[in-house]
Amino acid sequence: MAKTEEFFLSGRGVTKIYGLGNKKTVAVNKVDFDFHKGEIVSIVGESGSGKTTLAKMLLGLHNVTSGEIYYKGELRDIRSQRKKRAYWRGIQAIFQDPFSSFNVFNRIDTLLLDCINMKGEKGLTYEKKCERMTEACSFVNLKFAELTKKYPFELSGGQMQRLMIARIFLLKPQILIADEPTSMIDACSRATILDMLLKLRDEIDMTILFITHDIGLAYYVSDSVYIMEQGAFVEKGTADEVILNPAADYTKRLIHDVPKIYEEWDLSTVK
Ligand SMILES: Nc1ncnc2c1ncn2[C@@H]1O[C@H](COP(=O)(O)OP(=O)(O)OP(=O)(O)O)[C@@H](O)[C@H]1O
Ligand SMILES: [Mg+2]
């Protein structure tokens with residue numbers, strides 16, 4: 001592939017096959033994609049269509065069975081632990097279940113301090129670090145002083161989701177993969193979380209890959225949309241092209257299942 005600096009993360013023929021013989025599952029089947037800097041891309045598909053598998057390959061948590069992933073225009077190389085760690089400074093994720101994302105034996109302040117250290121700011125004074133953590137917590141409407149001695153299991157699901165975003169605020173990755181980050185919370189908190197992600201994108205020009213089965217949500221948040229069916233992309237384009245003018249039957253069906261798709265989300269009631 002030609003060197004494409006403008007694309008932050010690209011894939012050609014990316015495939016993941018789990019298992020062998022008659023236990024074989026083609027979870028992701030020869031997908032091509034190009035994500036730009038600062039773009040919000042949604043990947044929409046039904047349960048089992050391969051969304052999380054693709055996310056895990058992009059994160060380097062799962063090997064790619066075949067195909068290539070390009071990062072900043074170069075073939076991605078994460079074969080050594082050192083290279084993998086460097087890659088992870090640029091790409092971070094929020095997963096479906098926030099409780100699986102934290103080490104439950106670490107206190108909240110330790111979790112946040114780790115982010116500051118990972119960012120290469122280990123040398124800051126403790127006061128300065130506290131300032132950073134307080135700022136990150138207030139970005140997501142949490143009070144650092146009240147959380148500092150707590151453990152993750154002492155928080156509610158919604159607080160956990162917000163804490164994950166506070167981590168992202170500190171880590172400032174260039175790419176964020178958000179895999180159904182709002183699945184565990186009510187509609188009101190969901191709008192707040194989405195709003196925070198959008199604000200974060202504006203603040204640090206982050207590329208966000210938003211993974212969801214909810215095409216209405218995708219329309220609300222994204223610049224581009226990729227529709228995934230049984231491991232393959234059946235349609236891609238701008239959110240308006242794909243959702244207001246769908247070509248594939250599968251996309252039409254997903255839209256049909258969401259009656260309120262054309263309604264504007266009302267965020268005015270959300271603090
Ligand atoms: N570790 C694994 N081993 C074997 N098969 C797997 C594994 N992980 C996922 N699969 C299979 O790969 C396919 C895609 O799964 P994946 O988790 O990527 O779907 P998804 O689109 O994220 O679904 P959901 O919306 O339910 O989260 C499914 O058929 C699933 O059973
Ligand atoms: Mg999934």
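## Around ligand 1

Two elements, β2 (25–36) and α1 (51–59), each supply at least two residues of the shell around ligand 1. The largest share, 3 residues, comes from α1. This is a predicted model, and the ligand's surroundings are read from it.

The shell around ligand 1 holds 13 residues, of which Y18, A27, S47, T52 and T53 come nearest. By class, 10 residues of this shell are polar, 2 are nonpolar and 1 is charged.

## Overall make-up

The protein has 10 helices and 10 strands. Of its 271 residues, 38% count as buried. Take the contacts between residues at least 6 apart in sequence: 67% of them join residues at least 24 apart.

## Helix α3 and its partners

Helix α3 covers residues 108–118, and helix α4 covers residues 126–139. How do their axes cross? They come within 10 Å and cross at roughly 110°. Angles from 65 to 115 degrees count as roughly perpendicular, so α3 is roughly perpendicular to α4. On the α3 side, the contact is made by D109, L112, L113 and I116. On the α4 side, K129, R132, M133 and A136 take part. By class, this contact has 5 nonpolar residues, 3 charged residues and no polar ones.

The buried residues of α3 are I108, L111, L112, L113 and C115. They pack against α4, and also against α5 (144–147) and α6. L112 and L113 are buried, and both belong to the contact with α4. Just after α3 comes G120, with a positive phi of about 85°.

## I165 in helix α6

I165 is found in helix α6 (residues 157–171). Is I165 buried or exposed? I165 has 23 other C-beta atoms within 10 Å. The cut-off for a buried residue is 20 or more, so I165 is buried.

What does I165 touch, leaving aside its neighbours within four places in sequence? The contacts are V140, I193, M196 and L197. M196 is 31 residues from I165 along the chain, yet their C-alpha atoms are separated by 7.8 Å.

## Helix α10: two faces

Helix α10 spans residues 249–256, and its buried residues are T251, L254 and I255. Seen down the helix axis, these buried residues fall within an arc of 100°, so they line one face of α10. The face turned away from the buried side carries the exposed residues D249, K252 and H256.

Several elements cover the buried residues of α10. The cover includes three strands: β3 (40–45), β9 (224–229) and β10 (232–238). It also includes the helices α8 (215–221) and α9 (239–244).

K30 has a phi near 50°, a positive value in a residue other than glycine. K30 lies in strand β2, an element that also supplies residues of the shell around ligand 1. With 15 C-beta neighbours inside 10 Å, K30 counts as partly exposed.

Q230 is not a glycine either, and its positive phi is about 45°. Where does Q230 lie? Q230 is in the loop between β9 and β10. Those two strands are among the elements that cover the buried residues of α10. Q230 is partly exposed, because 15 other C-beta atoms lie within 10 Å.

Terms used. Residues numbered from 1 in each chain as written. Chains lettered and ligands numbered in written order. Predicted model: local features only at pLDDT ≥ 70, side-chain atom pairs only at ≥ 80, totals over all residues. Buried ≥ 20, exposed ≤ 12 C-beta atoms within 10 Å, placed from the backbone. Helix = DSSP H or I, 4+ residues; strand = E, 2+ residues; numbered from the N terminus. Arc of directions from axis to C-beta. Contact = placed C-beta atoms within 7 Å. Axes fitted to C-alpha atoms, helices over the stretch in contact; angles between N-to-C directions. Parallel < 35°, antiparallel > 145°, perpendicular 65-115°, else oblique. Nonpolar A, V, L, I, M, F, W, Y, C, P; charged D, E, K, R; others polar. Near = placed C-beta within 6 Å.
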